[in-house]
Amino acid sequence: MEIVLSGIRPTGNLHMGNYFGALQNFVKMQHQYKCYFFIADLHSLTTHPTPADLHGNVRTVLAEYLACGLDPEAATIFVQSDVPEISELYLLLNMNAYIGELERTTTFKDKVRAQPDNVNAGLLTYPVLQAADILIHKATKVPVGKDQKPHLEITAKYARRFNQLYKVDYFPEPEAFNFGESLIKVPGLDGSGKMGKSEGNGIFLADDPKVIRKKVMSAVTDAGPTVSNQDMTDAVKNLFTIMDIVSAPDTVLHFREKYNTCEIRYGDMKKQLAEDIVTYLTPIREKINDIYNNNAYLRKVVGIGTEKARESASKTLREVREIIGFRAF
Ligand code: TYM
């Protein structure tokens with residue numbers, strides 16, 4: 001059976017970008033494939049969280065995974081640092097990862113711009129750790145948002161390189177995957193780029209309706225179209241993209257027509273968009289708190305997940321060690 005794997009870094013509450021770019025796919029895939037979903041807490045160390053923040057954020061993401069409908073009976077849900085085999089495979093893959101290619105990765109260049117005072121080696125080798133996450137379970141489909149595509153290309157390259165170096169056909173080449181469509185980029189509310197946690201342009205799964213309405217009503221727009229079928233500015237295009245994701249097709253069509261005939265009132269569109277987001281997120285938000293506070297349940301989920309993840313990971317690591325030439329006397 002095809003193996004699906006993906007993860008999210010615990011850096012705070014999850015936002016609509018995480019949800020529609022990745023998490024929604026996890027939920028749809030868990031009953032069809034053998035799925036591994038994890039919390040990438042080792043990856044989050046590149047930004048030096050405090051111990052309290054690290055632990056709290058892992059709990060938050062875990063509670064939000066479960067509130068969104070990830071089913072611990074169907075999928076293997078685990079925390080990256082609970083599976084030490086990943087770190088060993090990371091070390092082994094580092095020997096076949098070249099500094100030049102890592103330096104050229106777009107995500108690395110973005111991080112260097114974002115945190116120029118903390119360009120640590122973990123940041124440079126971030127894609128190697130991500131490759132270890134994926135290859136340790138020999139996953140072939142990786143549901144992620146568009147920004148992660150370069151990392152999947154690197155993972156496929158390392159799988160190929162390992163196979164060539166040791167003349168084996170061991171690791172499959174995984175691909176970035178979106179359930180039925182192309183990879184998604186959920187834009188932010190500030191008229192530029194993608195929705196993200198640090199950008200301050202996002203709606204979080206845990207936001208209450210009042211907050212959602214306020215954020216959407218203050219989203220950036222423009223002065224409005226003055227000729228029919230006018231090209232949209234990025235800010236307005238972004239609002240339509242978010243509407244495409246959460247609203248009914250009829251609703252989107254209605255506002256597109258209003259735009260094309262220059263009759264649109266952005267206030268009306270935003271009110272509708274806010275209500276559609278509230279409707280979508282309310283059942284999720286209502287579950288988050290309960291799960292977050294249910295320590296016994298969280299412990300049980302992680303316990304079962306860790307055991308299943310380590311079983312698969314240790315098998316791969318044993319085989320990789322054998323292929324490389326670490327053999328018992
Ligand atoms: P992270 O934590 O930045 O984001 C988690 C997932 O959410 C997606 N995403 C978005 N998708 C669409 N639009 C957006 N605005 C948006 N913002 C975030 C991301 O594409 C991602 O799928 N490196 C990964 C975590 C990771 C991983 C892995 C993923 C570590 N190991 C192995 C897959 C497989 C990351 O930083 O994602």
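C262 is partly exposed, at a relative accessible area of 29%. Partly exposed means between the buried class, under 20% relative accessible area, and the exposed class, over 50%, with a 1.4 Å probe and protein chains only. Where does C262 sit? In the loop between α11 (249-260) and α12 (266-292). Helices here are DSSP runs of H or I, at least four residues, and strands are runs of E, at least two, numbered from the N terminus.

A word on the model. It is predicted, so local features need pLDDT of at least 70 and side-chain atom pairs pLDDT 80 or more, while totals for chains, interfaces and linings use all residues. Residues are numbered from 1 along each chain as its sequence is written, and side-chain values use heavy atoms, without hydrogens and water.

Back to C262. Its phi is near 60°, a positive value in a residue other than glycine. Most residues other than glycine have a negative phi. H48 also has a positive phi, near 55°. H48 is in the loop between β2 (34-39) and α2 (51-67). H48 counts as exposed because its relative accessibility is 53%.

One more loop residue. T226 lies between α9 (209-217) and α10 (234-246). At 66% relative accessibility, T226 is exposed too. T226 and E263 are 37 residues apart in sequence, yet 9.3 Å apart in space, C-alpha to C-alpha.

Now the ligand. Which pocket holds the ligand? The largest one. A pocket is an open set of points on a 1 Å grid over the protein atoms alone, where a 1.4 Å probe fits, with protein on both sides within 12 Å along at least five of seven lines. Sitting in it means that more than half of the molecule's atoms lie within 2 Å of its grid points.

How many residues surround the ligand? The shell has 27, and the closest are R9, Y126, D133, D147 and V186. To be counted, a residue needs a heavy atom within 4 Å. By class, the shell has 12 nonpolar, 10 polar and 5 charged residues. β1 (3-8), α1 (16-29) and α7 (126-135) each supply at least two of the shell residues.

Next, polar contacts: N or O atom pairs within 3.5 Å. A ligand nitrogen is 2.7 Å from a polar backbone atom of V186. For M195, a polar backbone atom is 2.9 Å from a ligand nitrogen. Q148 uses its side chain: a polar atom there lies 3.0 Å from a ligand nitrogen. Taken alone, the ligand exposes 700 Å², and the protein buries 97% of that. Those areas are Shrake-Rupley values with a 1.4 Å probe.

Technical notes. Polar contact = N/O pair within 3.5 Å; in protein donor to acceptor, adjacent residues only side chain to side chain. 1 Å grid on protein atoms, 1.4 Å probe; cavity = no way out; pocket = protein on both sides within 12 Å on 5 of 7 lines; lining within 4 Å. Nonpolar A, V, L, I, M, F, W, Y, C, P; charged D, E, K, R; others polar.
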